[in-house]
2 protein chains.
Amino acid sequence: MAHEELNGGGIFPLGGKAESEYFTGETYRNMIFTDPEPLNAAIGSVTFAPGSRTNWHTHKVGQVLLVTGGEGWYREEGKPAQPLKQGDVVNIPANVKHWHGAAQNSWFVHIALTPGETQWLEPVEDEAYGRLGQGE
Amino acid sequence: MAHEELNGGGIFPLGGKAESEYFTGETYRNMIFTDPEPLNAAIGSVTFAPGSRTNWHTHKVGQVLLVTGGEGWYREEGKPAQPLKQGDVVNIPANVKHWHGAAQNSWFVHIALTPGETQWLEPVEDEAYGRLGQGE
């Protein structure tokens, strides 16, 4: 799908495909800021095709998401999935197991600010992902 | 001007008018992230009407700008003004005197990540601003 077709989220170029071992589906990442100063975090723009999502993972320091386009989900282990849309901001605490990704019928684009290491875990299974928004 | 009319930059709500003593013209700021963890920086979305700009200022630690819409300028003292458009990223070093703002004929929207204090200085004079893009 062309970048221009993204739902208002096409601010930064798509970048390359994200590592397939840590994502399910078609996902792109563009690291837009990686200088060592003045922030404690690297900044990437991440674009998820409909239905695609990260694996479950944790951040040693935490992460902040700024949603720039489309619709998606954020889910912490043991809690209901939280719908996300353009303009939403998420503060992901350190060492909390979670995933994020696109809705089934929408592209989803967010800026991710990551001040420390990420520990990647297992994929989100299709069956569990398919139940999102259906009362779970 | 309605938020919807912004040139692709209307991701976050406008917020309130920015302090008039530090800006020239119509400028809005929405602080979208101010939690103490996990970043070393607060995050604001700043929207400049055509022709509006910050005063000259410095940041004790520095600042990063992510341009989300429109067209504007970034100028460091003693250097030519640098044009900015959607998708541009600026790393502003600590203690460098500078200003940023909209082009004469465009709204301009950026996310600002600010890890320390700001020292506000004198306004950018109309005469100097008016020469931008005319060979200076």
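Thr54(A) lies in strand β5 of chain A, which covers residues 53–54; helices (H or I, at least four residues) and strands (E, at least two) are taken here as DSSP runs and are numbered from the N terminus. The model is a predicted one, in which local features need pLDDT of at least 70 and side-chain atom pairs count only at pLDDT 80 or more, whereas totals for chains, interfaces and linings use all residues. Residues are numbered from 1 along each chain as its sequence is written, and chains are lettered from A, with ligands numbered from 1, in the order in which they are written.

With 23 other C-beta atoms within 10 Å, Thr54(A) is buried, the term being applied to a residue with 20 or more other C-beta atoms within 10 Å of its own, while exposed stands for 12 or fewer and partly exposed for values in between, with C-beta atoms placed from the backbone. When residues up to four places away in sequence are not counted, Thr54(A) touches Tyr22(A), Phe23(A), Trp99(A), His100(A) and Gly101(A), a contact being defined by C-beta atoms, placed from the backbone, that lie within 7 Å. The C-alpha atom of Thr54(A) is separated by 7.6 Å from that of Val124(A), although the two residues are 70 apart along the chain.

Chain A as a whole contains 1 helix and 12 strands, and from the N terminus on its elements run β-β-β-β-β-β-β-β-β-β-β-β-α. The radius of gyration of chain A is 14 Å, close to the 14 Å that the globule rule gives for 136 residues, so the chain is as compact as a globular protein of that length; the radius is taken over C-alpha atoms, and the rule is 2.2 Å times the number of residues to the power 0.38. The C-alpha trace of chain A spans about 45 × 35 × 25 Å along its principal axes, and 40% of the 136 residues count as buried. Among contacts in chain A between residues at least 6 apart in sequence, 71% join residues at least 24 apart.

Strand pairing, for which DSSP must find at least two bridges between two strands, may be illustrated with chain B. Strand β1(B) (residues 16–17) runs antiparallel to β3(B) (residues 27–33) and is joined to it by 2 bridges, with Arg29(B) of β3(B) as the bridge partner of Gly16(B). Strand β3(B) also pairs with β4(B), in the antiparallel sense, over 6 bridges, and here the bridge partner of Asn30(B) is Ser45(B) in β4(B).

The peptide bond from Glu37(A) to Pro38(A) is cis, with omega near 0°, and Pro38(A) is found in the loop between β3 and β4 of chain A. In chain B, a cis peptide bond joins Glu37(B) and Pro38(B), with omega about 0°, and Pro38(B) lies in the loop between β3 and β4 of that chain. Asn95(A), although not a glycine, has a positive phi of about 60°; Asn95(A) is placed in the loop between β9 and β10 (98–102) of chain A and counts as exposed, with 11 C-beta neighbours inside 10 Å. For Asn95(B), phi is near 65°, again a positive value in a residue other than glycine, and this residue, in the loop between β9 (89–92) and β10 (98–102) of chain B, counts as exposed with 11 C-beta neighbours inside 10 Å.

Chain A can be laid on chain B with an RMSD of 0.0 Å by a turn of 180° and a shift of 0.0 Å along the axis, the superposition being by least squares on the C-alpha atoms of residues with pLDDT of at least 70 in both copies. The two copies are thus related as by a two-fold rotation axis, and in chain A the C-alpha nearest that axis, at 3.0 Å, belongs to Asn40(A). The same surface serves both copies, in that 100% of the contact residues of chain A recur in chain B.

Between the chains, 24 residues of chain A are in contact with 24 residues of chain B. On the side of chain A that touches chain B, the elements giving two or more residues are β3 (27–33), β7 (63–76) and β9 (89–92) of chain A, of which β7(A) gives the most, with 4 residues.

Terms used:
Contact = placed C-beta atoms within 7 Å.
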